[in-house]
Amino acid sequence: MLFTSISFLYYFLPIVITIYFITPKKLRNMILFIASMFFYFYGEPKYIFLMLAEILIAYIGAILIDKYKKKVLLVVTLAIHIGLLCIFKYTDFAILNINSIFGINLSLLRIALPIGISFYTFQILSYIIDVYKGKVEVQKSFLKLATYVSLFPQLIAGPIVRYETIEKELNSRKHNFENFSYGVNRFAIGLAKKVLIANMLGELCNKFIITDEKSIVFYWIFAISYMLQIYFDFSAYSDMAIGLGRIFGFHFLENFNYPYISKSITEFWRRWHISLSSWFRDYVYIPLGGNREGLKKQIRNILIVWALTGLWHGASWNFIVWGLLFGCILIIEKVFLGKYLEKCPNIIKRMYVLFIVMISFVIFNANNMKEAWNNIIGLLGLNGECFINAYTLYYLRSYIIILIIAIIGTTPFLKNITLKLRENEKVRIFINILEPISIILILIVVTAYLVDNSYNPFLYFRF
């Protein structure tokens, strides 16, 4: 079930909210768990048993780890969860590479990838490791642990919520008008970003993919559009997840912080998909030694982390190349480039970041490295296409307004203006009146779009 579907917006969500708030507090985790099971069953009926099995294994494993403090129990429990992720996500990728290396023809298993497995597996892993380290108390209630893992606001595409973030709120959380209002506003912002911006940018990208009348300018329009689309698409889901979480009393951490205003790639990854980059930092990079054992091992650790980051996104070499590209650039910045970047004007720093990120997402979006390479050299005019043609001009005119809106939306410009206006008491009152009206208008416009375009999945569902 999609957040941006009529069934979710007008049936599932209102019913769940109504039942949740008329139910006694001690039963509300049960309501959320049942709702989350239904939500997942609606899209992945057969794999709901896989998720429940993983929760049960994590529940028993964490209790045993807490009781006996044995590292072997930690290793076995982690191995089961990582193994299941690898089986479902990477088996065919491994077979393809074995066939290629040894010139054989093993049959692919063609196992369907369970929705959200990359996200809920990492949540389970962080919980188990934190129990072993004593950072969190083991959860004795299966219901509460299951609610944490399966919580529908962030189940499908994150953010990766660590157990320590909502540990106390699983036991007791506050419900008030302020939280509910914030949650609704945040959800509405995400809904608008997804349906009114990301989906339209996706349409423009699809026009480029299917046409045979490409031009150099169209390659650039495509690269910029996809870079904008993936930001608005994924940050929209995070906005909606954070908003829904707040409605039900949970405070999820931010997952994006205007990454396209970064002045280095290092800063970019402090602002982009924060829950994933911090997860790899805390559970892979630091345990490997981080930067504590000399430059050579630090370089090794960075490359391992970013190869795994790429592989986490998908079972394809273009994802691994994408991850290693960032790893190499981060190493270059740490070794020598960073000190030179500091001396450059901010505009140069930001252009450098945007160009690198744009090229990286061209690789990220491709079905294979050949397609990625063709699109990259297309940007440089090496594919033999003309500089610009009538087809490019037509779509540029058609989508120029949404491109401008999207570019402005990647900056804190509108947010800063709103905060500045709120400093005036009279204006603040006007804004407070305007907010619910805006939410109603967003819902009306979004509904109109969704009636005509019923299928609009989030990009990160594929991971």
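Which residue just after α4 takes a positive phi? That is glycine 103, with a phi of about 65 degrees. This is a predicted model, where local features need pLDDT of at least 70, side-chain atom pairs count only at pLDDT 80 or more, and totals for chains, interfaces and linings use all residues. Residues are numbered from 1 along each chain as its sequence is written, and side-chain values use heavy atoms, with hydrogens and water left out. Helices here are DSSP runs (H or I, at least four residues), numbered from the N terminus.

- The expected span is 1.5 Å times one less than the number of residues.
- There's a bend of about 60 degrees in α4 at tyrosine 90; the bend is the angle between axes fitted to the seven residues ending at a residue and the seven starting there.
- Lysine 89 lies over the face of tryptophan 312, at 5.3 Å from the ring centre. A charge sits over a ring if NZ of Lys or CZ of Arg is within 6 Å of the ring centre and within 35 degrees of the ring normal.
- In the loop between α3 and α4 you'll find lysine 69, which has a positive phi of about 55 degrees although it is not a glycine. Lysine 69 is exposed, with a relative accessible area of 52%. Exposed means over 50% relative accessible area, buried under 20%, and partly exposed in between (1.4 Å probe, protein chains only).

**The nonpolar core**

- The largest nonpolar core holds 134 residues, of which Phe8, Tyr127, Phe152, Ile265 and Phe361 touch the most other members. Such a core is a set of buried Ala, Val, Leu, Ile, Met, Phe, Trp, Tyr and Cys residues joined through side-chain atoms within 4.5 Å.
- Helix α9 (residues 216-247) gives the most to this core, with 20 residues.
- Leaving aside neighbours within four places in sequence, tyrosine 127 has contacts that include Ala58, Ala62, Val136, Leu145, Tyr148 and Tyr163. Contact means heavy atoms within 4.5 Å.

**Aromatic pairs**

- The count of aromatic pairs comes to 59. Rings of Phe, Tyr and Trp (its six-membered ring) pair if their centres lie within 6.5 Å; planes under 30 degrees apart count as stacked, over 60 as edge-to-face and the rest as tilted.
- Tyrosine 260 and tryptophan 272 are stacked, at 6.0 Å centre to centre with 25 degrees between the planes. Tyrosine 260 sits in the loop between α9 and α10 (265-271) and tryptophan 272 in the loop between α10 and α11 (274-285), so the pair ties together parts twelve residues apart in sequence.
- Both partners are out of view: tyrosine 260 is buried at 6% relative accessible area, and tryptophan 272 is buried at 0%.
- Phenylalanine 361 and phenylalanine 364 pair edge-to-face, 5.7 Å centre to centre and 85 degrees between the planes. They are three residues apart in helix α14 (residues 346-365), about one helical turn.
- Phenylalanine 361 is buried, with a relative accessible area of 1%, and phenylalanine 364 is buried at 0%.

**Helix α2**

- Helix α2 (residues 28-43) has 16 residues that should span 22 Å, and its end C-alpha atoms are 23 Å apart, which agrees.
- Its buried residues include Arg28, Ile31, Leu32, Phe33, Phe39 and Tyr40. What covers the buried residues of α2 includes α1 (6-22), α3 (48-68), α5 (117-133), α6 (142-150) and α7 (163-171).
- Arginine 28 also lies over the face of tyrosine 20, at 5.2 Å from the ring centre.

- Glycine 323 belongs to helix α13 (residues 317-341) and is buried at 0%. Beyond four places in sequence, glycine 323 is in contact with Trp306 and Gly310.
- Asparagine 301, in helix α12 (residues 295-313), is buried at 1% relative accessibility. Not counting residues up to four places away in sequence, asparagine 301 touches Tyr285, Leu288, Gly289 and Gly290.
- Glycine 289 is in the loop between α11 and α12 and counts as buried at 0%.
- Histidine 273, in the loop between α10 and α11, has a positive phi near 45 degrees without being a glycine. At 0% relative accessibility, histidine 273 is buried.

Note on methods. Helix = DSSP H or I, 4+ residues; strand = E, 2+ residues; numbered from the N terminus.
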